[in-house]
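Subject: Structure handover

Hello,

Here is the structure for your files. My notes follow below it.

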Amino acid sequence: MDPSGEVRAAIYAAILDSGRAPTPAEVASAIVADADAVAAAFRALAAAHVIVLRPGTLEIAWAPPFSVVATPFRVTAGSSWHAPCAWDAFGIPAALKRDAVIDARCAWSGERIDCGVRGGVAYGAGVIHLLVPAAHFWDDIAYT
Amino acid sequence: MTIPQAWNLSRKWYGNRLDRDFRRPTADEARAIFASVGLTGVFWEL
């Protein structure tokens, strides 16, 4: 059995529900699956760039567009979550199909940037700078 | 990218992320998504 789909769904469900990432054991319990198979699914999802693990561990840092690590991009859409980056901050309302208020900070000045999605339309002033070309995003996904 | 571009890109990139049958876009699909929101040029090549 390839449990990656079920595991992915369980990971996102936990993050949506609690804002924290589940461990492989918690996912195994939630979907009634073998813990080793779930751990392998975590690794497979990371290798496929669906989730991002802390180096050398099975601890989830990101399940894009959600981050369980605090970032300068906080998104409120009913509940609140952090996003890994400015692009992903808009990914949260896109994934949830909800409007959202995004509390972002300029990476250069630290200045607050008000933006979000209202009535299905994005608002806010600013430009999102990506530092690394698309072909190299996953060389070090934390530095894009 | 501008904020409207980020929103349009996010809807195409993440709109199905929570779906049961989600899969990541292939490289060709990703190129098409980038181009559809005006993200073209060497920077967006895969």
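In which sense do strand 1 and strand 2 of chain A pair, and over how many bridges? Strand 1 (residues 52-53) and strand 2 of chain A pair in the antiparallel sense, over two bridges. Strands pair here if DSSP finds at least two bridges between them. Helices (H or I, at least four residues) and strands (E, at least two) are DSSP runs, numbered from the N terminus.

Some ground rules. This is a predicted model, in which local features need pLDDT of at least 70, side-chain atom pairs count only at pLDDT 80 or more, and totals for chains, interfaces and linings use all residues. Residues are numbered from 1 along each chain as its sequence is written, while chains are lettered from A and ligands numbered from 1 in the order in which they are written.

Leu53(A) stands opposite Ile60(A) in strand 2 of chain A. Strands 1 and 2 of chain A form a hairpin with six residues between them. Gly56(A), in that turn, has a positive phi of about 75 degrees.

Strand 2 of chain A also runs antiparallel to strand 3 (residues 66-67) of chain A, and two bridges join them. Ala63(A) has Phe66(A) in strand 3 of chain A as its bridge partner. This second hairpin has two residues between its strands. The peptide bond from Pro64(A) to Pro65(A) is cis, with omega near 10 degrees. Pro65(A) sits in the loop between strand 2 and strand 3 of chain A.

Domains

Chain A is divided into domain 1 (4-63) and domain 2 (67-134). The bounds come from an automatic or database domain assignment. The centres of the two domains of chain A, taken over C-alpha atoms, are separated by 23 Å. Seven residues of domain 1 of chain A are in contact with five residues of domain 2 of chain A. Contact means that C-beta atoms, placed from the backbone, lie within 7 Å. On the domain 1 side, strand 2 (residues 60-63) of chain A supplies the largest share, three residues. That side divides into five nonpolar, one polar and one charged. For these classes, Ala, Val, Leu, Ile, Met, Phe, Trp, Tyr, Cys and Pro count as nonpolar, Asp, Glu, Lys and Arg as charged, and the others, Gly among them, as polar.

Helix 1 of chain A has 15 residues. From first C-alpha to last it reaches 21 Å, close to the 21 Å expected at 1.5 Å a residue. The expected span is 1.5 Å times one less than the number of residues. Just after helix 1 of chain A, Gly19(A) takes a positive phi of about 80 degrees.

The buried residues of helix 1 of chain A include Arg8(A), Ile11(A), Tyr12(A) and Ile15(A). A residue is buried if 20 or more other C-beta atoms lie within 10 Å of its own, exposed if 12 or fewer, and partly exposed in between, with C-beta atoms placed from the backbone. Helix 2 (24-31), helix 3, strand 2 and strand 3 of chain A are among what covers them.

The largest nonpolar core has 47 residues. Such a core is a set of buried Ala, Val, Leu, Ile, Met, Phe, Trp, Tyr and Cys residues joined through C-beta atoms within 7 Å. Those with the most contacts inside it are Ile11(A), Ala63(A), Ala89(A) and Ile92(A). Helix 4 of chain A gives the most to this core, eight residues. Beyond four places in sequence, Ala63(A) is in contact with Ile11(A), Tyr12(A), Ile15(A), Ala21(A) and Ile51(A).

Chain A against chain B

23 residues of chain A are in contact with 21 residues of chain B. On the chain A side, the largest share is six residues, from helix 4 of chain A. The residues of that side divide into 18 nonpolar, five polar and no charged.

Ala134(A) is found in the segment after strand 8 of chain A. It counts as partly exposed because it has 18 C-beta neighbours inside 10 Å. Beyond four places in sequence, Ala134(A) is in contact with Phe34(B), Phe43(B), Trp44(B), Glu45(B) and Leu46(B).

His49(A) is not a glycine, yet has a positive phi of about 65 degrees. His49(A) counts as exposed because it has 12 C-beta neighbours inside 10 Å. Lys97(A), also not a glycine, has a positive phi of about 55 degrees. Lys97(A) lies in the loop between helix 4 and strand 6 (100-105) of chain A.

Best regards

Key. Contact = placed C-beta atoms within 7 Å.
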